[in-house]
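Reader: Could you take me through the aromatic contacts here, and the charges that sit over rings?

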Amino acid sequence: MTPPQWINCDIRYLDLSVLGKFTVIMADPPWDIHMELPYGTMKDEEMRNMRIKDLSDDGLFFLWVTGRAMELGRELLRLWGYKRVDEIIWVKTNQLQRLIRTGRTGHWLNHGKEHCLVGIKGNPTNLNRGLDCDVLVAEVRDTSHKPDEIYGIIERLSPGSRKLELFGRMHNVQVKYFW
């Protein structure tokens, strides 16, 4: 295993095949959720056209989705060669560990949670099933800063495997585990 590395680029123009193959991929795409964000977003069609299927033959995919992108996320998993097998829910709390009641996303209701779709491709080996719960309760931090607990869940599920995080931001850099 090589030490964790990262590439800062516009992923739409990166030849993903140069990265090799991975057992686990996690992605937090810059969904166009029709609100102002501190980073650029991608159109749905741009995500459909990404060559994600080239990154894995057998493995797991963890795809963070917003409410608007729930169905699109399921479609993308299929397009990229994965079958949705599970889902993790992140219940968002504030600094006092109380549920967020005034989330910034959502058109009909304020969202106090996020979903991470879990897909499987091929027949990955060395998976540990049933170790963790499908609900995370964690504090909200910066925009798009996911809970650190997700990295531990993924490592326990597929220990020592080659992993990739797509669309990560600098606050996502994980030297401790594998990213």
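Reader: How many aromatic pairs does the count come to?

Author: The model is a predicted one, and rings are taken as a pair if their centres lie within 6.5 Å. By this rule the number of aromatic pairs comes to 3.

Reader: Are the rings of Phe-61 and Trp-80 stacked, tilted or edge-to-face?

Author: Planes under 30 degrees apart count as stacked and those over 60 as edge-to-face, with the rest called tilted. The ring centres of Phe-61 and Trp-80 are 5.4 Å apart and their planes stand at 40 degrees, so this pair is tilted.

Reader: Which elements hold Phe-61 and Trp-80, and how many residues apart are they?

Author: Phe-61 belongs to strand 2 (residues 59–65), while Trp-80 is found in the loop between helix 2 (70–79) and strand 3 (83–93).

Reader: Are Phe-61 and Trp-80 buried or exposed?

Author: Buried means under 20% relative accessible area. By that cut-off both Phe-61 and Trp-80 are buried.

Reader: What is the geometry of the pair formed by Phe-61 and Tyr-82?

Author: Phe-61 lies in strand 2 and Tyr-82 in the loop between helix 2 and strand 3, so the pair ties together parts 21 residues apart in sequence. With ring centres 5.1 Å apart and planes at 65 degrees, the pair is edge-to-face.

Reader: Which residue lies over the face of Phe-22?

Author: A charge sits over a ring if, among other conditions, CZ of Arg is within 6 Å of the ring centre. At 4.1 Å from the ring centre of Phe-22, the residue over its face is Arg-162.

Technical notes:
Residues are numbered from 1 along each chain as its sequence is written. This is a predicted model: local features need pLDDT of at least 70, side-chain atom pairs count only at pLDDT 80 or more; totals for chains, interfaces and linings use all residues. Side-chain values use heavy atoms; hydrogens and water are left out. Rings of Phe, Tyr and Trp (its six-membered ring) pair if their centres lie within 6.5 Å; planes under 30 degrees apart count as stacked, over 60 as edge-to-face and the rest as tilted. Helices (H or I, at least four residues) and strands (E, at least two) are DSSP runs, numbered from the N terminus. Buried means under 20% relative accessible area, exposed over 50%, partly exposed in between (1.4 Å probe, protein chains only). A charge sits over a ring if NZ of Lys or CZ of Arg is within 6 Å of the ring centre and within 35 degrees of the ring normal.
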